[in-house]
Amino acid sequence: MTSVMRAVLGVVMAMAVVVGVAAKPATFKGTVALVEAGRLQVKLADAKADDAAVWFDVTDKTKVTRGGMHAVFNNIRVNLGEAVTIVVNEGDEAGIEYRCPMKSDADVVEAQPGKCRKCGMNLRKTDRAAKAAELQFAK
Ligand SMILES: [Zn+2]
């Protein structure tokens with residue numbers, strides 16, 4: 001390893017520590033199957049089954065680019081079938097979580113089944129979409 005490479009690696013690692021980038025972000029490639037406010041369903045390129053489309057939540061922290069330029073998700077027209085690359089940070093992957101069925105307890109979200117800590121009702125198993133850290137559209 002040259003000293004230049006070592007220096008670059010050092011800077012990259014320091015940046016990762018400063019901004020708290022997850023150690024192992026995962027990258028997904030696919031085509032847009034559906035678009036809704038704040039989320040996007042993508043048919044993954046490496047999926048074997050035809051119905052293997054997964055939802056990705058788009059938050060105000062998601063970095064959206066189109067043709068290499070910064071874009072605002074709600075302001076761009078996303079076409080069905082267009083190619084997209086999504087980066088998901090470790091810990092933001094899709095998964096299962098348990099929520100209270102009461103609307104007033106929407107903040108009760110647990111990783112394990114059990115009773116609501118506020119009202120004691122049985123928590124309901126729900127699917128959680130992956131949170132996109134980055135969305136990249138080609139054009
Ligand atoms: Zn509750």
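This is a predicted model: local features need pLDDT of at least 70, side-chain atom pairs count only at pLDDT 80 or more; totals for chains, interfaces and linings use all residues.
Leaving out residues up to four places away in sequence, V54 touches Q41, V42, L44, A94 and A130.

## Overall make-up

The secondary structure of the protein comes to one helix and nine strands, and along the sequence these follow the pattern α-β-β-β-β-β-β-β-β-β. Buried residues account for 13% of the 139 residues in the protein. Among contacts between residues at least 6 apart in sequence, 56% join residues that are at least 24 apart.

## Strand 3 and its partners

Strand 3 runs antiparallel to strand 2, and five bridges join the two. Strand 3 also pairs with strand 9, here in the parallel sense and over seven bridges; within this pairing, the bridge partner of F56 in strand 9 is A130.

A further pairing links strand 3 to strand 4, which run antiparallel and are joined by three bridges, with H70 in strand 4 as the bridge partner of T65. Strand 3 and strand 4 form a hairpin with two residues between the strands, in which G67 takes a positive phi near 60°.

## M69 in strand 4

Strand 4 covers residues 69-71 and includes M69. Because M69 has 9 C-beta neighbours inside 10 Å, it counts as exposed. Computed along the sequence, M69 and A138 are 69 residues apart, while in space the distance between them is 9.7 Å from C-alpha to C-alpha.

Strand 1, which spans residues 26-36, pairs with strand 5 in the antiparallel sense over six bridges. Within this pairing, A26 stands opposite V88 in strand 5, and G30 stands opposite V84 in strand 5. Strand 1 is also joined to strand 2 by six bridges, and these two strands run antiparallel, with E36 standing opposite R39 in strand 2. The hairpin formed by strand 1 and strand 2 has two residues between the strands, and G38 in its turn has a positive phi of about 75°.

Strand 5 pairs with strand 9 as well, in the antiparallel sense and over four bridges, and the bridge partner of V87 in strand 9 is E134. The two faces of strand 5 can be told apart by their cover: V84, I86 and V88 make up the covered face, whereas A83, T85 and V87 make up the uncovered one.

## The nonpolar core

The largest nonpolar core has 14 residues, and those with the most contacts inside it are F56, V58, I86, A132 and L135. The elements that give two or more residues to this core are strand 2 (39-44), strand 3 (53-66), strand 5 (83-88) and strand 9 (130-137). Strand 9 provides the largest share, with five residues.

What is V58 in contact with, leaving aside its neighbours within four places in sequence? The residues in question are G38, R39, L40, F73, A132 and L135. Of these, A132 and L135 are themselves listed with V58 among the residues that have the most contacts inside the core.

The pairing of strand 6, which covers residues 95-99, with strand 7 is antiparallel and extends over two bridges. In this pairing, V109 in strand 7 is the bridge partner of R99.

How values were computed: Residues are numbered from 1 along each chain as its sequence is written. A residue is buried if 20 or more other C-beta atoms lie within 10 Å of its own, exposed if 12 or fewer, and partly exposed in between; C-beta atoms are placed from the backbone. A nonpolar core is a set of buried Ala, Val, Leu, Ile, Met, Phe, Trp, Tyr and Cys residues joined through C-beta atoms within 7 Å. Two residues are in contact if their C-beta atoms, placed from the backbone, lie within 7 Å. Two strands pair if DSSP finds at least two bridges between them.
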